[in-house]
Structure formats: structure tokens, C-alpha cells
Amino acid sequence: MSSAMASTSANLEPLFSFLAQSYTTIENGFNRVPGSAVIARYVRSSHQNDPGRTLLELVLAVFAIWTLLQSRTRADKGDRHFIQFSEKEVDELVNEWTPEPLAEPLSPQEQAELDSIPVIAGAQGPRPRLANTGKTVLNFTGTNFTGLAGNDDIKNKAIETLRKYGLGSCGPPGFYGTVDVHMDLERDLADFLGTESTILYSQGFSTVSSVIPAFAKRGDIVVADRGVNFAIQKGIQISRSTVRWFDHNDLKSLEDVLEGIAKERKKKKAPLTKMFIVTEGIFEKDGQMVDLPKLIELKYKYKYRLILDESISFGSVGRTGRGLTELFNVPVGVDRSAKQSPSHWEPQASQVDMLIGSVANGLASCGGFCAGSKYVVYHQRINSSAFVFSASMPPLLSVSASEGINILRNTPSILSTLQENVRTMRSVLDRLDCITIPSHPASAMFHIHVRSAPNATLHLPGASAGKPSNPNSIVPRDPQQFDIELEERLLQEVVEEALSQGVLITRARRLRAQEMVEARPSIRVAVSAAFSKKECEKAANVIKAALVKVLGKRR
């Protein structure tokens with residue numbers, strides 16, 4: 001027996017020797033790996049305390065290695081689980097397959113609205129020709145406030161630029177997309193507004209929705225008006241900042257919110273962070289105007305930065321169209337107590353940290369801009385998504401905007417004519433008792449609402465009586481009550497009736513169920529300096545007659 005065991009040991013001796021040598025080789029190789037000593041100590045300690053854990057970890061390691069070595073696409077080589085089809089059967093199945101639609105089909109109401117949209121043949125302007133009827137109408141739908149659309153001087157400049165530069169750069173401004181005329185327009189805008197610098201964006205909507213997240217980040221505080229437009233709402237959402245809301249165009253509500261934030265931060269001993277007030281000069285949703293001097297006073301009192309969207313007010317208010325800073329005659333860089341002649345004006349944009357405007361609305365071109373200090377502008381050139389990733393504006397449109405600025409400088413009567421036209425139309429429509437017009441009397445774009453029933457609840461600006469609204473919610477304490485479907489149907493009838501009389505107006509189009517708060521249906525009337533006083537009187541009387549005819553049925 002012992003001889004048999006000795007014989008077996010002698011036979012296995014080479015195997016044991018090979019295993020010992022292999023173990024030594026592996027151990028020496030492992031010890032040469034950086035960090036191997038730490039792993040060895042962990043395994044030794046783990047095995048000593050819990051041998052079963054070592055076995056489990058070994059099994060998991062083997063399973064992980066086996067999984068990594070497996071093919072990512074484990075095809076059934078034998079085709080045992082696949083059904084073989086002939087070419088004819090495949091063709092029949094493809095012909096029978098109906099893909100699901102990418103969107104829900106239009107409802108009859110939506111289809112009717114789409115069919116009712118008038119189509120313009122030829123150039124856009126104050127007196128376009130309709131494609132379906134061939135009639136020339138007075139166009140009160142476009143934001144051609146200054147009447148520069150179709151201007152012959154601008155048109156000639158654009159043709160010259162097109163021949164010199166071509167249509168576009170096909171690249172972002174920071175990547176070979178900037179040409180000298182873009183920089184010329186930025187300097188012209190800065191000089192026109194009196195700011196230190198200006199940055200140009202190629203899309204108007206993307207301007208404010210990119211400026212806000214370029215500065216406001218997670219942990220920063222944004223205090224915004226509940227009535228801000230959809231682009232501002234998107235910018236605030238993208239910023240992921242802490243948002244507090246104040247009642248629409250109610251600066252008493254704003255002061256209450258700012259004071260509440262200050263008390264909360266002092267109580268919690270919160271660290272310093274960036275804080276912004278975001279609002280509009282003239283609100284796109286209803287045409288109301290903010291009290292800029294009071295807003296700036298609150299900004300300095302509570303130490304906030306101000307982002308002011310003047311997409312509607314730039315090119316429509318002020319002696320030469322510079323916007324609210326010119327309208328309110330608030331000085332910049334001078335002592336407030338210093339006496340100045342009434343004709344002297346210096347822009348206020350340095351006290352407005354970021355002044356945003358529309359080149360499309362004010363100068364009949366395209367895109368937008370942000371004016372401010374050189375540091376504000378430089379930061380956006382490397383941090384604003386719409387500037388970094390969007391193709392730059394076509395050069396011909398930059399030159400058109402620069403020429404528009406020259407025209408506004410040299411022809412201040414344009415704004416005088418515009419404001420006279422606004423007063424002419426408002427004098428007719430303000431007397432109607434079947435509608436309400438919430439817009440400021442100086443706003444070149446005003447909204448017409450169906451007058452609410454006597455028992456409807458209204459939330460009026462500046463009337464935040466009783467318990468204040470919750471600043472954490474965009475919904476006001478006493479929101480307006482209205483029937484969207486009914487009012488839109490009535491207003492569309494008014495639009496169609498006015499069009500039949502040669503006046504083109506439109507309902508304010510909204511992205512229903514996408515905005516944070518549903519805007520009340522309205523007719524949006526955009527006045528232009530290109531109209532004569534007689535044309536404005538005619539249009540106002542046509543709109544008045546259409547309103548009385550349609551809304552008079554409800555009584």
C-alpha cells in the first residue's frame with residue numbers, strides 16, 4: 001500500500017512542481033503591478049474574516065470575465081428560433097404595414113384654423129397682396145413698427161452686400177462665421193443704445209432663452225414676472241436656478257418677494273450667490289409696460305442684476321426708438337441730481353445689466369442682441385449656447401439693420417408718426433364696452449380681449465390686495481377666469497370679418513399646454529409708422545365694426 005502511494009507521489013511530483021512554479025511566477029508578476037500590495041492585504045483580511053465571501057467574489061469575478069468575453073449579439077447560429085420568409089412574403093408584410101403617425105391628426109377646429117390663415121403673395125410689408133383673392137390689405141399683424149420693411153435704401157444696401165458676401169457664412173460666429181459687417185452692427189447697436197458693448201444673435205427667440213442660462217446657474221436666484229413670454233420661460237427652465245415669481249407687472253409684489261428672499265437668506269445664513277430680476281419692457285402677452293425707474297430702484301436696493309427684454313419696446317417707443325431707457329429719460333454715468341436740459345438724453349443700459357432687444361421687430365431684419373458691459377458680452381461669446389452653436393446672421397441682414405439704425409437716427413419723425421398712429425387707433429377702440437385693452441397707451445402692439453362676465457375673477461396688475469401670491473408658484477393667487485375655446489372662436493370671427501373689409505389682423509397664437517400659464521386669447525394689433533393717419537382711422541373703424549358685429553350677438 002505504502003509503495004503504491006509512493007509510486008503515485010512520484011508520478012505527481014512533476015505536476016506539483018509545475019503548479020508551484022506557476023504560482024510563484026503569477027505571484028511575482030502580480031507583485032510587480034502597482035497597487036498589488038493593497039489588493040493582497042484586502043484579500044487576505046477578507047478571507048480571514050469571511051472565507052465564504054472570498055469564494056463569492058471569485059465566482060463573481062469569473063462571471064464578469066465570462067460575460068465580457070461573450071458576443072454582444074448572441075445570434076442563433078442554427079436559426080432555430082427564426083421564421084424563414086420568402087421574398088414575396090416579405091414584400092407582402094411590408095405593403096401591409098402601416099407606421100404610427102409622428103403626431104396626432106389635426107382636429108376639425110385646428111384644420112379650420114390652418115385653412116383660414118391668409119397667404120401673402122410677393123414682398124411682406126404694410127400693404128401686401130393676398131394670394132387667394134389678389135386683394136391688397138392693410139397689414140396690422142407684423143411687428144414692422146418703424147415701417148422699414150421694404151425701404152428702398154435698405155433694399156439697395158442689401159443687394160450690394162449680397163453681391164459682395166453671398167447669402168451666408170454657414171458657420172457659428174466663433175468658427176469662421178463672423179464677418180466685418182456683423183462687428184459693424186454690434187458697434188452700431190452699442191453706440192445707438194449708449195452701452196459699452198453688444199453681442200449679436202441670429203435668432204430672436206434664442207437670444208433671451210440663451211442669455212439667462214449663460215449667467216444664471218443651479219443655486220442662483222432668478223426673480224421673474226409671472227407674465228413673461230415663452231422664450232424667457234424656457235431660458236429660466238434651462239438655467240435650473242431657484243425661481244421666485246412676482247405678480248404680473250406689480251412692483252409692490254416684486255418688492256415683497258425680494259424682501260422675503262432677503263429675510264430667508266439672512267435666517268439661513270445662505271452663502272453669496274448671483275441674483276437676477278427678469279422681466280420685459282413691454283410684455284409680449286398683453287402689451288403692458290414696466291415702470292423702469294422704480295424697477296431699477298428696487299434692483300439697487302436689494303442688490304440684484306437686471307435682465308430686461310425689450311424685444312417689443314426697442315424700435316417702438318422713445319424719441320428715436322431706443323426703447324424704455326429713452327422713454328423714461330433715465331441717465332447713465334452721471335449724477336442723478338445733476339441738472340440736464342430736457343432735450344438731453346443719455347442711455348440707461350449700464351444700470352440694466354443685460355438689455356435684450358429684437359433686430360427683427362425694431363429694425364425689420366432678423367435676430368436679436370444683448371447689450372451691456374464688455375465683460376457681460378465677452379462672457380456670452382464663450383458661454384451662450386445660441387451664439388456658440390448657431391450659424392451667424394446673413395451679412396445682408398446685418399447691413400440692413402445697420403442702415404435701419406442710421407434711418408432712425410436721422411429721421412426721428414418715424415417714431416412721432418408711429419405714436420400718432422397708435423393714439424389714433426386707441427382713441428377709436430378704447431371706447432368700446434364689449435372689449436378690454438390691457439396694453440399701455442404707448443405700446444405699438446396692443447391686445448384686444450373679450451370683456452369678461454361681471455362675475456368673473458380678474459387678477460389686475462398693481463392690485464395684490466389680501467393674501468399675496470405664493471412666490472414659489474408661477475400661478476397667481478387670483479388667476480383670470482376665461483373660456484379659451486369660446487373666446488378664440490369669437491375672436492377668429494372678428495379677424496375674418498375685418499379681413500373681408502381689407503384689414504389684416506390676427507389672433508395672438510399660443511402654444512397651448514406648453515407655456516407655464518395659459519395666456520388669455522386676444523387679438524394682437526401691431527401698428528406701423530408706414531401707415532397714414534387716414535389708414536389707421538379706417539382700420540380702427542373696421543375692427544370696431546367687426547367687434548360690435550360679432551360680440552354683439554352675445555348680448
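This briefing walks through a sheet, a surface patch, a loop residue and several salt bridges.

The structure is a predicted model, in which local features need pLDDT of at least 70 and side-chain atom pairs count only at pLDDT 80 or more, while totals for chains, interfaces and linings use all residues. Residues are numbered from 1 along each chain as its sequence is written, and side-chain values use heavy atoms, with hydrogens and water left out. Helices (H or I, at least four residues) and strands (E, at least two) are DSSP runs that are numbered from the N terminus.

**The sheet and its helix**

- Four strands make up an open sheet with antiparallel pairing, and their order is 11-12-15-14; two strands count as paired if DSSP finds at least two bridges between them.
- Strand 11 (435–436) and strand 14 (506–507) are the edge strands, each of which pairs on one side only.
- Strands of a sheet pair through backbone hydrogen bonds, either parallel or antiparallel.
- Strand 12, which covers residues 445–450, pairs with strand 15, residues 523–526, in the antiparallel sense over 4 bridges, and His 447 stands opposite Arg 524 in strand 15.
- Helix 18 (residues 413–429) lies across strand 11, strand 12 and strand 15, and runs at about 10° to strand 12; axes are lines fitted to C-alpha atoms, for helices over the stretch in contact, and angles run from 0 to 180 degrees between N-to-C directions.

**The surface patch and a loop residue**

- A nonpolar patch on the surface is formed by Ile 83, Phe 85, Val 90, Leu 93 and Val 94, which together have about 480 Å² of accessible area. Patches are made of residues with over 30% relative accessible area and no salt bridge, where like charges are joined within 9 Å and nonpolar side chains (Val, Leu, Ile, Met, Phe, Trp, Tyr) within 5 Å. Accessible areas come from the Shrake-Rupley method with a 1.4 Å probe, and for residues only the protein chains shown count as cover.
- Phe 85 is found in the loop between helix 3 (51–69) and helix 4 (87–96), and Phe 85 is partly exposed, with a relative accessible area of 46%. Buried means under 20% relative accessible area, exposed over 50%, and partly exposed in between (1.4 Å probe, protein chains only).
- Thr 136, in the loop between strand 2 (129–130) and strand 3 (138–139), counts as exposed at 52% relative accessibility.
- Leaving aside residues up to four places away in sequence, Thr 136 touches Arg 127, Pro 128 and Arg 129, where contact means heavy atoms within 4.5 Å.
- The C-alpha atoms of Thr 136 and Val 503 are separated by 9.1 Å, although these residues are 367 residues apart along the chain.

**Salt bridges**

- The structure holds 21 salt bridges, each being a side-chain nitrogen of Lys or Arg within 4 Å of a carboxyl oxygen of Asp or Glu.
- One of them joins the side chains of Glu 420 and Lys 533 (3.8 Å, N to O). This pair links distant parts of the chain, 113 residues apart, with Glu 420 in helix 18 and Lys 533 in helix 20 (residues 533–551).
- Glu 420 counts as partly exposed at 30% relative accessibility, and Lys 533 is partly exposed at 44%.
- Arg 520 and Glu 487 meet through their side chains in a salt bridge (3.1 Å, N to O), and both Arg 520 and Glu 487 are buried.
- Another salt bridge joins the side chains of Arg 507 and Glu 488 (3.8 Å, N to O). Arg 507 lies in strand 14 and Glu 488 in helix 19, so this pair ties together parts that are 19 residues apart in sequence.
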